[in-house]
Amino acid sequence: MRKTILLKLVLLLLVGIQAMAQNRTVTGSVVDKSSNEAIAGVNVVVKGTTIGTATDADGKFSLSVPESSNTLIISFIGYITMELTIPPSNSVLVSLESAVGQLNEVVISVGRGSERTITDTPLPIDNLSVADLKSSGQVSFDKALQYRVPSFNTVNTPVNDATSLFDPYEIRNLGPSRTLILINGKRKNLTSLVYTQTSPGRGETGADLSAIPTDAIKRVEILRDGASAQYGSDAIAGVMNIILKDGYDATTVSINSGSTLNYGGFQYGINYNSGANLGSKGFLNYHMSLTRQEAAIRKDKIDALSDARDLTDNSPASIAQVQNYLSKYADGNNKNGTPDNTSAKFLLNGAFDVGANSEIYANAAYVYRKTQSNANYRQPYWRIDHGLLHTPNPSAPDYTTNSYGAPGSDIQNEFVADKAAGVYRGYIGYQPSFDGDLTDYNGTIGIRSQDIGGWKQDMSLTVGGNKMLFTVNNTINRSLRSSSPVSFKPGGFSFNHVVGNMDFSKAIADNVYLAIGSEFRTETYQLIAGDTASYSGEGANSFPGFQERNAIKATRYNIGAYVDLTWDITEDFLIGGTFRTENYSDFGSANVFKATSRYKIGESVTIRGAVSTGFRAPTLHQQYLSLSQASFSGGDIIITGLANNYSREAALLGVPRLKAEKSTNLSFGFGYNPMGNFSLTVDYYSIDITDRIVYGNEVSNAYVNNISFFVNAAETRTSGVDLVASYRNILIGPSAKLHLNLAGNYTLNNELVGGWQGVNEQFGLPIFNDTQEALLTTSRPTYKYILGADLSIKKLMLNLNNTLFGPTSFNNADLSNDLGLKFEPKVVTDLTIGYVLNSNANISLSIQNILNVMPKYNLKPLNDAGRAILEDPAQVAEQVSYITFNGRYPVLSYDGSHFSQMGTTFLAQFNYKF
């Protein structure tokens, strides 16, 4: 027995000696690149293994590294992770660069042909790291962009139902349909929803940005220029390329929680990111995100006389009923705010080398989100429930007597029906709820090769889809009376696409680069009918279901090809050109081009410009969405609602099939970089769009009643200036560093220049009116500037951001034609305080809108009649009641505003790396 134990000890000693002989000791120091100061707690890991250490107080480390390993991964919170090849001396000096300084160095992958850094590109590009996004204090990706990119705008609208699943966004005030979204350079699928509310984004659809978890992102590149020639449809305003985390150096967990200051909306979430290095040949990165967001509720006072005017016969008895009710429930029990939201997001990203020059890559994502929002509360003087939603109680008092029973009694469930008088005693109304179930997925697999006969090639297949199903609860179908259910399935929407790409590039001469490629895409759109009770007669109160007659499944395909040529005429002078041809199965062909140029003056000044044409194909949603209903009027069947362009109703009105929008883009600007830590870019842009597709106003004639449809009805011109300035690594004393950033977008011109007059004359009906024009041209801020300061003092980090939202104007449908509505410019201030606990952990607290600033609008006279209205307080109050639904939406108005109405919000985050 002793001999056996002794033998094992000898063998273990020999193995250990052999292992030591196969290892080598690597030593080194890690310093800050700008200050040359030592950094303690930096993670140093041998790539492809779990072997690692951390730097000591002097920034030094010593690590035993296997002879077979040649690469170290150096990472630390707030700095750019780097990989370092171990030199023969086994001694290294590492200079880490602050993540804030990454802007001018990162290689940009938007565009075709050879890759270039931001300082080399002839086009304006924003680059945001995940640290930039998270420091905004916003939970969702789209809202983080709102406070980091001046030309990007999005906001929650006051009225939620299906729109609680998708907040429209836009770049340069051109709607979500005109910005192309890419994931790792591949087209992201659209959402299945068309936004139909009378607010910014009306009639549009786009990719669901909120479905993308922020913590899974490495960086975001935003090409602020038309790119139809490179990418095809939807890239009129620009391209957003979301680069996912790649490689693997640590597992991270992020926990966050927060709430508004005054309106509830408690939320919490967890993000888990991990992966593995597949030897030295590849990586796998995976991410999971779980978020719970309770509804944030504003409860605003309703004006009794206005409600009596609009929702009753306005008799003295009715006015008394309304006043009695609102004296008890000043807000009418209405809930106005953001929806309840629960989401789960899963994402994978990976790549693996095959051979010496090729790699197989893949990514996939799946998102499930459930939202619940509330329709306007149905007060008893507005709607009755026919005894379906509440339990009868004959002892309950009549609300019209202003007697509400014993203190603490549950009036909500006490009522009696006096069939003779039609009065419901004790009944205080009901609030329909809207539940949305969303699934969104996308996936790509491809192979990328670096040298096949001198060519680089990239071949890929991408799939993606989005599906929304709806449920309406706590409401009735008044047409069915006592036989009505109280829960309905009104149907939903579905969209998916399959995209194949082939891209090839080569340096055909010393300074000439050629890129060619092709794309094939199929799309399918489906409108899913609801249950019969949801659309019979009036349909479910608050959200009628989709009729079986409107259910449809439509498909199309398109194929496109491009050629791109770039020539560095000299080291300073570059020109480039792209041509693309595209053919769609449903509307025909499009041919577009782009020409770009850049000239460097010395080492510090760059002049750049581009001119291009573009197009946007009408989406299947816009062509086939139909929400029409048939009803009787005067013995005739009258059609109401939204009719698609292939319908009988469209034929009766002479509505043509939709055709592609066309655009002409012009941009030029300069970059100034006199020293390594200061940069300035200024770029002018002009975008003309013809045959712009709009969701028209409801019209009526002898055959149809209150019908709307999509039509090519506008020609618009949008021009403006983008400014980005950055001054980094300003040393303040021995241990503090300051970064200053200023970014702005100013819209010089965003106007309707034609098209609509001819459409209105053609139909003899007001298809396009002032409300539609304002939504297209003035419903987003005229300007937006973001001034930020990042201060780091050893382990303490402070981020202060001031966002100036410029004026926004609406011509609300219910407002007098003699008046307009204009939101005032406002500054929203955000503060984030972060602290590094150790090399693996940090915490932060973000206070958004720290001064609790609210949107504020004023009514503006358009003529003498408007001025007369504003001089009469009674008429002013009447006009305000029209646009706020009698006080239910006093901050935003019914059409929306330029930023959130929820005021100060808090978000705490804890991040751990292991």
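The structure considered here is a predicted model, in which local features need pLDDT of at least 70 and side-chain atom pairs count only at pLDDT 80 or more, while totals for chains, interfaces and linings use all residues. Residues are numbered from 1 along each chain as its sequence is written, and side-chain values use heavy atoms, with hydrogens and water left out.

Helix α5 (residues 304-311) packs against helix α6 (residues 316-328) at an angle of about 135°, their axes lying 9 Å apart; helices (H or I, at least four residues) and strands (E, at least two) are DSSP runs, numbered from the N terminus. The two helices, α5 and α6, are therefore oblique to each other. On the α5 side, A304, L305, D307 and A308 meet I319, V322, Q323 and L326 of α6, contact meaning heavy atoms within 4.5 Å.

With a relative accessible area of 26%, G185 is partly exposed, a class between buried (under 20%) and exposed (over 50%), computed with a 1.4 Å probe on protein chains only. The C-alpha atom of G185 is separated by 7.5 Å from that of I242, 57 residues apart along the chain.

S708, in contrast, is buried, with a relative accessible area of 1%. This residue, S708, belongs to strand β38 (residues 704-708). Neighbours within four places in sequence aside, S708 is in contact with G641, L642, A643, Y695, G696, N697 and E698.

Conventions:
Axes fitted to C-alpha atoms, helices over the stretch in contact; angles between N-to-C directions. Parallel < 35°, antiparallel > 145°, perpendicular 65-115°, else oblique.
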